[in-house]
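Could you walk me through this protein model in a friendly way? I would like a short briefing on its overall build, its pockets and a few of its residues.

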Amino acid sequence: MADRDTAEAYLEGYAQILAGACATGRRLTRDEGAALRAQGERAAEAGLGLRFLVRAHLSAAQGVRASLRGAGADHLLAAVEQAVDAFAEGHERAQRLAIRQQEAARREFIDDLLHGRSDAGRLAERAERFGLLLSHAHAVAVAQGTEPYEDGYAVTRGIEASLAARFANRRILLTTKNGRLICIAPGDEADVLGFFAKQAYAATDGGQVAIGRPHPGVGGVVHSYEEALNALDLAARLPLEAPVLHAADLLVYPVLTRDRQAMADLVRSVLGPLQQARGGAQPLIDTLNAYFHTGCVAAEAARRLSLSARAMTYRLERIRLLTGADPGDPGDRYTLQTAVVGARLLDWPDQPL
(Lines give C-alpha, C1' and ligand atoms only; values in the text may rest on other atoms or scores of the structure.)
Protein backbone atom coordinates (compact mmCIF):
# COMPACT_ATOMS: atom_id res chain seq x y z
CA MET A 1 0.00 0.00 0.00
CA ALA A 2 2.84 2.41 0.81
CA ASP A 3 4.44 1.78 -2.61
CA ARG A 4 1.12 2.32 -4.35
CA ASP A 5 0.50 5.55 -2.48
CA THR A 6 4.03 6.70 -3.30
CA ALA A 7 3.54 6.02 -7.02
CA GLU A 8 0.10 7.65 -7.07
CA ALA A 9 1.69 10.99 -6.17
CA TYR A 10 3.50 10.89 -9.56
CA LEU A 11 0.62 9.53 -11.67
CA GLU A 12 -1.67 12.52 -11.26
CA GLY A 13 -3.55 13.15 -14.53
CA TYR A 14 -1.97 10.13 -16.23
CA ALA A 15 -5.21 8.14 -16.60
CA GLN A 16 -7.01 11.18 -18.00
CA ILE A 17 -4.23 11.75 -20.53
CA LEU A 18 -4.48 8.15 -21.75
CA ALA A 19 -8.26 8.25 -21.93
CA GLY A 20 -8.23 11.52 -23.87
CA ALA A 21 -5.66 10.27 -26.38
CA CYS A 22 -7.47 6.96 -26.91
CA ALA A 23 -10.85 8.61 -27.40
CA THR A 24 -9.82 10.03 -30.78
CA GLY A 25 -6.62 8.10 -31.50
CA ARG A 26 -4.53 11.28 -31.30
CA ARG A 27 -1.00 11.71 -30.11
CA LEU A 28 -0.27 13.32 -26.75
CA THR A 29 -0.31 17.11 -26.86
CA ARG A 30 2.74 19.22 -26.11
CA ASP A 31 1.29 20.28 -22.75
CA GLU A 32 0.54 16.67 -21.79
CA GLY A 33 4.12 15.64 -22.64
CA ALA A 34 5.50 18.57 -20.63
CA ALA A 35 3.33 17.63 -17.63
CA LEU A 36 4.56 14.03 -17.75
CA ARG A 37 8.20 15.14 -18.03
CA ALA A 38 7.71 17.39 -15.01
CA GLN A 39 6.28 14.44 -13.07
CA GLY A 40 9.32 12.37 -14.02
CA GLU A 41 11.67 15.10 -12.82
CA ARG A 42 9.87 15.36 -9.48
CA ALA A 43 9.99 11.59 -9.02
CA ALA A 44 13.75 11.52 -9.70
CA GLU A 45 14.34 14.36 -7.26
CA ALA A 46 12.42 12.34 -4.67
CA GLY A 47 14.83 9.46 -5.23
CA LEU A 48 12.34 7.02 -6.82
CA GLY A 49 13.69 4.46 -9.26
CA LEU A 50 12.52 4.52 -12.85
CA ARG A 51 11.75 0.80 -13.09
CA PHE A 52 9.35 0.97 -10.13
CA LEU A 53 7.60 3.96 -11.68
CA VAL A 54 7.28 2.35 -15.11
CA ARG A 55 5.59 -0.64 -13.51
CA ALA A 56 3.19 1.74 -11.78
CA HIS A 57 2.37 3.38 -15.12
CA LEU A 58 1.73 0.03 -16.78
CA SER A 59 -0.48 -1.05 -13.89
CA ALA A 60 -2.48 2.18 -14.10
CA ALA A 61 -2.85 1.66 -17.87
CA GLN A 62 -4.55 -1.67 -17.17
CA GLY A 63 -7.23 0.19 -15.23
CA VAL A 64 -7.73 2.61 -18.13
CA ARG A 65 -7.99 -0.28 -20.59
CA ALA A 66 -10.94 -1.75 -18.70
CA SER A 67 -12.92 1.43 -19.32
CA LEU A 68 -12.19 1.67 -23.06
CA ARG A 69 -14.47 0.39 -25.81
CA GLY A 70 -13.97 -0.31 -29.47
CA ALA A 71 -11.25 1.48 -31.36
CA GLY A 72 -10.11 3.38 -28.26
CA ALA A 73 -8.56 0.24 -26.82
CA ASP A 74 -6.50 -0.20 -29.97
CA HIS A 75 -4.79 3.15 -29.39
CA LEU A 76 -3.89 2.49 -25.74
CA LEU A 77 -0.50 0.91 -26.35
CA ALA A 78 0.68 3.83 -28.49
CA ALA A 79 -0.54 6.33 -25.89
CA VAL A 80 1.18 4.45 -23.06
CA GLU A 81 4.41 4.36 -25.05
CA GLN A 82 4.34 8.13 -25.58
CA ALA A 83 3.41 8.84 -21.96
CA VAL A 84 6.04 6.58 -20.42
CA ASP A 85 8.67 7.93 -22.83
CA ALA A 86 7.91 11.51 -21.77
CA PHE A 87 7.92 10.57 -18.09
CA ALA A 88 11.25 8.69 -18.45
CA GLU A 89 12.78 11.63 -20.33
CA GLY A 90 12.00 13.93 -17.43
CA HIS A 91 13.30 11.39 -14.91
CA GLU A 92 16.57 10.91 -16.81
CA ARG A 93 17.04 14.66 -17.27
CA ALA A 94 16.73 15.21 -13.53
CA GLN A 95 19.15 12.35 -12.90
CA ARG A 96 21.74 13.84 -15.25
CA LEU A 97 21.39 17.22 -13.58
CA ALA A 98 21.82 15.64 -10.14
CA ILE A 99 24.93 13.80 -11.30
CA ARG A 100 26.44 17.01 -12.70
CA GLN A 101 25.70 18.81 -9.45
CA GLN A 102 27.27 15.98 -7.43
CA GLU A 103 30.34 16.01 -9.68
CA ALA A 104 30.64 19.78 -9.31
CA ALA A 105 30.34 19.52 -5.52
CA ARG A 106 32.94 16.73 -5.45
CA ARG A 107 35.35 18.71 -7.62
CA GLU A 108 34.92 21.82 -5.47
CA PHE A 109 35.57 19.76 -2.33
CA ILE A 110 38.70 18.18 -3.81
CA ASP A 111 40.08 21.56 -4.88
CA ASP A 112 39.44 22.97 -1.41
CA LEU A 113 40.95 19.90 0.25
CA LEU A 114 44.15 19.80 -1.79
CA HIS A 115 44.77 23.54 -1.52
CA GLY A 116 43.75 23.94 2.13
CA ARG A 117 40.94 26.33 1.30
CA SER A 118 37.65 26.66 3.22
CA ASP A 119 37.00 26.57 6.94
CA ALA A 120 38.60 23.50 8.54
CA GLY A 121 35.44 22.45 10.37
CA ARG A 122 33.26 22.81 7.31
CA LEU A 123 35.82 20.96 5.19
CA ALA A 124 35.85 18.07 7.67
CA GLU A 125 32.05 17.86 7.51
CA ARG A 126 32.08 17.78 3.72
CA ALA A 127 34.85 15.17 3.73
CA GLU A 128 32.60 12.64 5.48
CA ARG A 129 30.25 12.69 2.48
CA PHE A 130 33.14 11.44 0.37
CA GLY A 131 34.37 8.78 2.80
CA LEU A 132 37.18 10.63 4.62
CA LEU A 133 37.57 11.28 8.34
CA LEU A 134 39.95 14.21 8.47
CA SER A 135 40.44 13.89 12.22
CA HIS A 136 42.75 10.98 11.33
CA ALA A 137 46.14 11.11 9.60
CA HIS A 138 46.12 10.69 5.83
CA ALA A 139 48.70 10.12 3.12
CA VAL A 140 48.43 11.03 -0.55
CA ALA A 141 49.81 9.27 -3.60
CA VAL A 142 50.06 11.06 -6.95
CA ALA A 143 50.53 9.25 -10.26
CA GLN A 144 51.49 10.81 -13.56
CA GLY A 145 51.92 9.15 -16.92
CA THR A 146 52.77 9.92 -20.51
CA GLU A 147 49.12 10.87 -21.06
CA PRO A 148 47.02 12.98 -18.68
CA TYR A 149 44.46 11.37 -16.39
CA GLU A 150 40.90 12.67 -16.35
CA ASP A 151 37.74 11.58 -14.54
CA GLY A 152 35.88 8.99 -16.57
CA TYR A 153 38.88 7.83 -18.62
CA ALA A 154 39.20 4.07 -19.05
CA VAL A 155 42.51 3.98 -17.14
CA THR A 156 41.01 5.95 -14.25
CA ARG A 157 37.92 3.74 -14.12
CA GLY A 158 40.04 0.59 -14.24
CA ILE A 159 42.23 1.63 -11.30
CA GLU A 160 39.17 2.74 -9.33
CA ALA A 161 37.52 -0.64 -9.94
CA SER A 162 40.65 -2.48 -8.79
CA LEU A 163 40.82 -0.44 -5.58
CA ALA A 164 37.12 -0.98 -4.88
CA ALA A 165 37.43 -4.72 -5.41
CA ARG A 166 40.50 -5.01 -3.16
CA PHE A 167 39.58 -2.51 -0.43
CA ALA A 168 35.80 -2.30 -0.51
CA ASN A 169 35.43 -1.23 3.12
CA ARG A 170 38.34 1.22 3.30
CA ARG A 171 37.93 4.99 3.38
CA ILE A 172 39.65 5.88 0.11
CA LEU A 173 39.19 8.84 -2.22
CA LEU A 174 40.37 8.58 -5.82
CA THR A 175 40.34 11.64 -8.05
CA THR A 176 42.22 13.50 -10.77
CA LYS A 177 43.77 16.96 -10.84
CA ASN A 178 45.88 18.71 -13.45
CA GLY A 179 46.19 15.51 -15.46
CA ARG A 180 47.42 13.45 -12.50
CA LEU A 181 45.67 10.63 -10.65
CA ILE A 182 45.43 11.10 -6.89
CA CYS A 183 44.67 8.61 -4.14
CA ILE A 184 43.99 9.71 -0.55
CA ALA A 185 43.98 7.01 2.13
CA PRO A 186 44.32 6.73 5.91
CA GLY A 187 47.91 7.14 6.99
CA ASP A 188 48.10 3.75 8.70
CA GLU A 189 47.04 1.86 5.56
CA ALA A 190 50.21 1.87 3.49
CA ASP A 191 49.01 -1.23 1.66
CA VAL A 192 46.31 0.84 -0.05
CA LEU A 193 48.73 3.36 -1.51
CA GLY A 194 51.22 0.62 -2.37
CA PHE A 195 48.52 -1.23 -4.32
CA PHE A 196 47.43 2.03 -5.97
CA ALA A 197 51.02 2.75 -7.01
CA LYS A 198 51.37 -0.71 -8.53
CA GLN A 199 48.11 -0.40 -10.46
CA ALA A 200 48.83 3.16 -11.64
CA TYR A 201 52.36 2.33 -12.79
CA ALA A 202 51.13 -0.71 -14.73
CA ALA A 203 48.35 1.29 -16.36
CA THR A 204 50.51 4.23 -17.45
CA ASP A 205 53.15 2.26 -19.35
CA GLY A 206 56.14 3.87 -17.69
CA GLY A 207 54.61 6.57 -15.53
CA GLN A 208 55.74 7.44 -12.03
CA VAL A 209 54.03 7.50 -8.65
CA ALA A 210 55.02 9.55 -5.60
CA ILE A 211 53.72 8.90 -2.08
CA GLY A 212 53.71 11.62 0.55
CA ARG A 213 54.17 10.99 4.25
CA PRO A 214 51.12 10.60 6.55
CA HIS A 215 50.11 13.80 8.34
CA PRO A 216 47.23 14.43 10.76
CA GLY A 217 44.24 16.74 10.50
CA VAL A 218 42.70 18.74 7.68
CA GLY A 219 46.03 20.30 6.73
CA GLY A 220 47.67 16.87 6.68
CA VAL A 221 46.18 16.02 3.30
CA VAL A 222 47.56 19.23 1.80
CA HIS A 223 51.00 18.58 3.32
CA SER A 224 51.18 15.00 2.05
CA TYR A 225 49.90 16.04 -1.40
CA GLU A 226 52.56 18.75 -1.70
CA GLU A 227 55.27 16.28 -0.65
CA ALA A 228 54.16 13.90 -3.42
CA LEU A 229 54.18 16.70 -6.00
CA ASN A 230 57.64 17.83 -4.87
CA ALA A 231 58.91 14.27 -5.18
CA LEU A 232 57.70 14.11 -8.79
CA ASP A 233 59.33 17.47 -9.49
CA LEU A 234 62.62 16.26 -7.99
CA ALA A 235 62.42 13.10 -10.07
CA ALA A 236 62.15 15.16 -13.25
CA ARG A 237 65.00 17.50 -12.36
CA LEU A 238 67.60 15.10 -10.98
CA PRO A 239 66.42 12.74 -12.64
CA LEU A 240 65.17 9.85 -10.48
CA GLU A 241 63.97 6.89 -12.49
CA ALA A 242 62.36 4.72 -9.80
CA PRO A 243 58.71 3.93 -10.65
CA VAL A 244 57.57 4.63 -7.07
CA LEU A 245 59.01 7.51 -5.03
CA HIS A 246 58.52 7.91 -1.29
CA ALA A 247 58.78 11.44 0.04
CA ALA A 248 60.26 10.05 3.27
CA ASP A 249 63.25 8.80 1.28
CA LEU A 250 63.88 12.16 -0.38
CA LEU A 251 64.03 14.46 2.65
CA VAL A 252 67.71 15.19 2.07
CA TYR A 253 66.92 17.19 -1.06
CA PRO A 254 64.73 19.86 0.59
CA VAL A 255 67.42 20.15 3.24
CA LEU A 256 70.07 20.73 0.58
CA THR A 257 68.05 23.44 -1.13
CA ARG A 258 66.69 25.18 1.95
CA ASP A 259 69.51 27.72 1.74
CA ARG A 260 69.49 28.41 -2.00
CA GLN A 261 72.30 30.95 -1.86
CA ALA A 262 74.61 28.55 -0.03
CA MET A 263 73.89 25.84 -2.57
CA ALA A 264 74.51 28.26 -5.44
CA ASP A 265 77.85 29.20 -3.90
CA LEU A 266 78.81 25.54 -3.60
CA VAL A 267 77.91 24.81 -7.22
CA ARG A 268 79.73 27.89 -8.45
CA SER A 269 82.92 27.21 -6.49
CA VAL A 270 83.09 23.43 -7.04
CA LEU A 271 81.70 22.99 -10.56
CA GLY A 272 82.28 26.45 -12.01
CA PRO A 273 85.75 25.49 -13.38
CA LEU A 274 84.10 22.82 -15.57
CA GLN A 275 82.89 25.61 -17.85
CA GLN A 276 86.46 25.86 -19.15
CA ALA A 277 86.16 22.41 -20.73
CA ARG A 278 85.54 22.02 -24.45
CA GLY A 279 81.78 21.65 -24.81
CA GLY A 280 81.10 23.40 -21.54
CA ALA A 281 80.23 22.04 -18.11
CA GLN A 282 77.12 20.00 -18.95
CA PRO A 283 78.80 16.87 -20.42
CA LEU A 284 81.08 16.62 -17.39
CA ILE A 285 78.19 17.12 -14.96
CA ASP A 286 76.33 14.31 -16.76
CA THR A 287 79.46 12.18 -16.39
CA LEU A 288 79.59 12.79 -12.64
CA ASN A 289 75.87 12.13 -12.29
CA ALA A 290 76.12 8.77 -14.07
CA TYR A 291 79.26 7.86 -12.13
CA PHE A 292 77.62 8.51 -8.76
CA HIS A 293 74.34 6.82 -9.74
CA THR A 294 76.19 3.62 -10.60
CA GLY A 295 77.98 3.49 -7.27
CA CYS A 296 81.16 4.94 -8.79
CA VAL A 297 81.54 2.02 -11.21
CA ALA A 298 83.20 3.66 -14.21
CA ALA A 299 82.43 0.85 -16.66
CA GLU A 300 78.70 0.93 -15.88
CA ALA A 301 78.65 4.74 -16.04
CA ALA A 302 80.37 4.61 -19.44
CA ARG A 303 77.73 2.15 -20.69
CA ARG A 304 74.90 4.43 -19.56
CA LEU A 305 76.50 7.37 -21.34
CA SER A 306 77.37 5.33 -24.45
CA LEU A 307 81.05 6.12 -23.94
CA SER A 308 84.14 3.96 -24.28
CA ALA A 309 86.06 3.07 -21.13
CA ARG A 310 88.89 5.27 -22.35
CA ALA A 311 86.59 8.27 -22.87
CA MET A 312 85.13 7.78 -19.41
CA THR A 313 88.58 7.69 -17.82
CA TYR A 314 89.55 10.85 -19.73
CA ARG A 315 86.47 12.71 -18.51
CA LEU A 316 87.00 11.76 -14.87
CA GLU A 317 90.62 12.89 -15.10
CA ARG A 318 89.57 16.13 -16.75
CA ILE A 319 87.13 16.77 -13.88
CA ARG A 320 89.92 16.16 -11.36
CA LEU A 321 92.26 18.57 -13.10
CA LEU A 322 89.70 21.36 -13.51
CA THR A 323 88.09 21.18 -10.06
CA GLY A 324 90.96 19.90 -7.99
CA ALA A 325 88.60 17.25 -6.58
CA ASP A 326 89.01 13.55 -7.32
CA PRO A 327 85.67 11.72 -7.94
CA GLY A 328 87.29 8.50 -6.73
CA ASP A 329 88.35 9.96 -3.39
CA PRO A 330 85.71 9.44 -0.63
CA GLY A 331 86.17 12.94 0.80
CA ASP A 332 86.06 14.72 -2.54
CA ARG A 333 83.26 12.48 -3.75
CA TYR A 334 80.78 13.82 -1.17
CA THR A 335 81.49 17.44 -2.13
CA LEU A 336 81.26 16.74 -5.85
CA GLN A 337 78.05 14.71 -5.51
CA THR A 338 76.35 17.38 -3.40
CA ALA A 339 77.35 20.01 -5.95
CA VAL A 340 76.00 17.89 -8.82
CA VAL A 341 72.66 17.51 -7.00
CA GLY A 342 72.62 21.27 -6.45
CA ALA A 343 73.33 21.92 -10.12
CA ARG A 344 70.39 19.71 -11.09
CA LEU A 345 68.05 21.38 -8.63
CA LEU A 346 69.14 24.87 -9.69
CA ASP A 347 69.11 23.95 -13.40
CA TRP A 348 72.73 25.03 -13.78
CA PRO A 349 74.49 25.73 -16.11
CA ASP A 350 71.38 26.46 -18.25
CA GLN A 351 70.26 29.02 -15.68
CA PRO A 352 72.68 31.53 -14.13
CA LEU A 353 73.34 31.28 -10.42
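Here is a briefing, grouped by topic.

This is a predicted model, in which local features need pLDDT of at least 70 and side-chain atom pairs count only at pLDDT 80 or more, while totals for chains, interfaces and linings use all residues. Residues are numbered from 1 along each chain as its sequence is written, and side-chain values use heavy atoms, with hydrogens and water left out.

**Overall build**

- The chain has 16 helices and five strands; these are DSSP runs, with helices (H or I) of at least four residues and strands (E) of at least two, numbered from the N terminus.
- The radius of gyration of the chain is 33 Å, whereas a compact globule of 353 residues would be near 20 Å. This radius is taken over C-alpha atoms, and the globule rule is 2.2 Å times the number of residues to the power 0.38.
- Along the principal axes, the C-alpha atoms of the chain fill a box of roughly 110 × 45 × 35 Å.
- Of the 353 residues in the chain, 40% are buried. Buried means under 20% relative accessible area, exposed means over 50%, and partly exposed lies in between (1.4 Å probe, protein chains only).
- Among contacts in the chain with a separation of 6 or more, 69% join residues 24 or more positions apart; a contact means heavy atoms within 4.5 Å.
- The chain exposes about 19100 Å², and carbon and sulfur atoms supply 49% of that area. Accessible areas come from the Shrake-Rupley method with a 1.4 Å probe, and for residues only the protein chains shown count as cover.

**The largest pocket**

- Rolling a probe the size of a water molecule over the atoms shows where empty space is left.
- A pocket is an open set of points on a 1 Å grid over the protein atoms alone, where a 1.4 Å probe fits, with protein on both sides within 12 Å along at least five of seven lines; lining residues have an atom within 4 Å of a point.
- The largest pocket has a volume of about 270 Å³. Such a volume is the space filled by probe spheres set on the points, with grid points joined across faces, edges and corners.
- Its lining has 16 residues, and Glu227, Asn230, Ala231, Leu234 and Pro254 lie nearest the centre of the pocket.
- Helix H10 (218–237) and helix H11 (252–257) each supply at least two lining residues, and H10 gives the most, with eight.
- By class, the lining has eight nonpolar, three polar and five charged residues. Here Ala, Val, Leu, Ile, Met, Phe, Trp, Tyr, Cys and Pro count as nonpolar, Asp, Glu, Lys and Arg as charged, and the others, Gly among them, as polar.

**The second largest pocket**

- The second largest pocket holds about 210 Å³ of space.
- Residues lining this pocket include Glu103, Arg106, Asp151, Arg157 and Leu174.
- Helix H6 (76–115), helix H8 (154–166) and strand E2 (173–177) each supply at least two residues of the lining.
- Sorted by class, that lining has two nonpolar, three polar and six charged residues.

- Asp112 lies in helix H6 and counts as buried because its relative accessible area is 10%.
- Leaving aside neighbours within four places in sequence, Asp112 is in contact with Arg117, Ser118, Leu123 and Arg126.
- Leu77 also belongs to helix H6, but Leu77 is exposed, with a relative accessible area of 67%.
- From C-alpha to C-alpha, Leu77 and Tyr14 are 14 Å apart in space, and they are 63 residues apart in sequence.
- Asn289 sits in helix H13 (residues 282–293) and counts as buried, at 13% relative accessibility.
- Not counting residues up to four places away in sequence, Asn289 touches Leu238, Pro239, Val340 and Arg344.

**Backbone details**

- Between Trp348 and Pro349 the peptide bond is cis, with omega near 15°; Pro349 is found in the segment after helix H16 (330–346).
- Cys296 is not a glycine, yet has a positive phi of about 65°, and its place is the loop between H13 and helix H14 (298–304).
- Ser306 has a positive phi too, near 60°. Ser306 lies in the loop between H14 and helix H15 (309–323) and is exposed, at 67% relative accessibility.
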